[in-house]
Amino acid sequence: MSVAAAALTLSRLGCRHVLRQNLVACSAARSLTLSAAAQRSTHLAWRPAAACTLPRALLPSQRNSLHTSAAHLSQEDLIAALDTEIADEEENGTTAELERTFGDFTIKTTDGSPVFVLEKGGAQDKVTVTVNVNECPGVEDGEGGVMPQTRLFIEMVRNGNTLTFDSHIEDNELEITSVGVFPAGADTSDITTAYQADVGFVDDDLYVAICKYVLAEVGGDEFVDFLGSYTTDKDYNEYVAWLHKFRSSVA
């Protein structure tokens, strides 16, 4: 490998390492997501701490009454804020009619569930793509908004084994983090079942070859574009439904 090629490889690997660290740091804190049709802004009004301080000379009965009143007011504030957000989404946002197929894939999704699954092929050559929008961190969309970054788990049955690809979509490109080779019928969610290679540090040519192979199997760039949009629509639909469930739970 030439000096220039080695430098390019090291730079690229360093970027992947930083990206992976950022993803881990972001996965614990999902941001509010925006649909392609509507961008939302959130305003949080902080109240002085003194407003929550109880007088010291209250009788027990007075104190209980004050606690009850404060709880009632805080509930009213929450309901009012939820009503405002719901009204804003009804005026400016549009929930999507989620598609049930893409190419040879059948898409399984249920309202109220954060997970959707794409499947194609038979028992000997099955391809499964799973996305959980709860695990898709919010990232800036370049236009002042926040969108969910699609994180996907790909499984392929090949020659009696199940290949797994822990992946995400970054700048409209498929990035693969790790690759596992599981025995047929093994539980791919059990990380003790098979070794999963961190491909962020493999040879550059091997990494590119893996990405090309996976893209060819799932449908290329068109699949990546579709999945990114589908994740955004699914996330927004669930957010709107969540607002109504939250409101009915505290009313």
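At 81% relative accessibility, Asn159 counts as exposed, because exposed means over 50% relative accessible area. In this predicted model, Asn159 sits in the loop between β7 (151–158) and β8 (161–170). The phi angle of Asn159 is positive, about 50°, although the residue is not a glycine. Most residues other than glycine have a negative phi.

Asn172 is another residue with a positive phi that is not a glycine; the value is near 60°. Asn172 lies in the loop between β8 and β9. With a relative accessibility of 57%, Asn172 also counts as exposed.

## A negative patch

Five residues form a patch of negative charge on the surface: Asp171, Glu173, Asp221, Glu222 and Asp225. Helix α4 (residues 220–250) gives the largest share of this patch, three residues. Glu173, another member of the patch, belongs to strand β9 (residues 173–183).

## The chain as a whole

The protein chain contains four helices and ten strands. Along the sequence, the order of these elements is α-α-β-β-β-β-β-β-β-β-β-β-α-α.

Of the 251 residues in the chain, 35% count as buried. The chain exposes about 15,100 Å², and carbon and sulfur atoms supply 55% of that area. Among contacts with a separation of 6 or more, 54% are between residues 24 or more positions apart.

Note on methods: Residues are numbered from 1 along each chain as its sequence is written. This is a predicted model: local features need pLDDT of at least 70, side-chain atom pairs count only at pLDDT 80 or more; totals for chains, interfaces and linings use all residues. Side-chain values use heavy atoms; hydrogens and water are left out. Patches are made of residues with over 30% relative accessible area and no salt bridge: like charges are joined within 9 Å, nonpolar side chains (Val, Leu, Ile, Met, Phe, Trp, Tyr) within 5 Å. Accessible areas come from the Shrake-Rupley method with a 1.4 Å probe; for residues, only the protein chains shown count as cover. A salt bridge is a side-chain nitrogen of Lys or Arg within 4 Å of a carboxyl oxygen of Asp or Glu. Lys and Arg count as positive and Asp and Glu as negative; His and the chain ends are not counted. The place of a charge is taken as NZ of Lys, CZ of Arg, CG of Asp or CD of Glu. Helices (H or I, at least four residues) and strands (E, at least two) are DSSP runs, numbered from the N terminus. Buried means under 20% relative accessible area, exposed over 50%, partly exposed in between (1.4 Å probe, protein chains only). Contact means heavy atoms within 4.5 Å.
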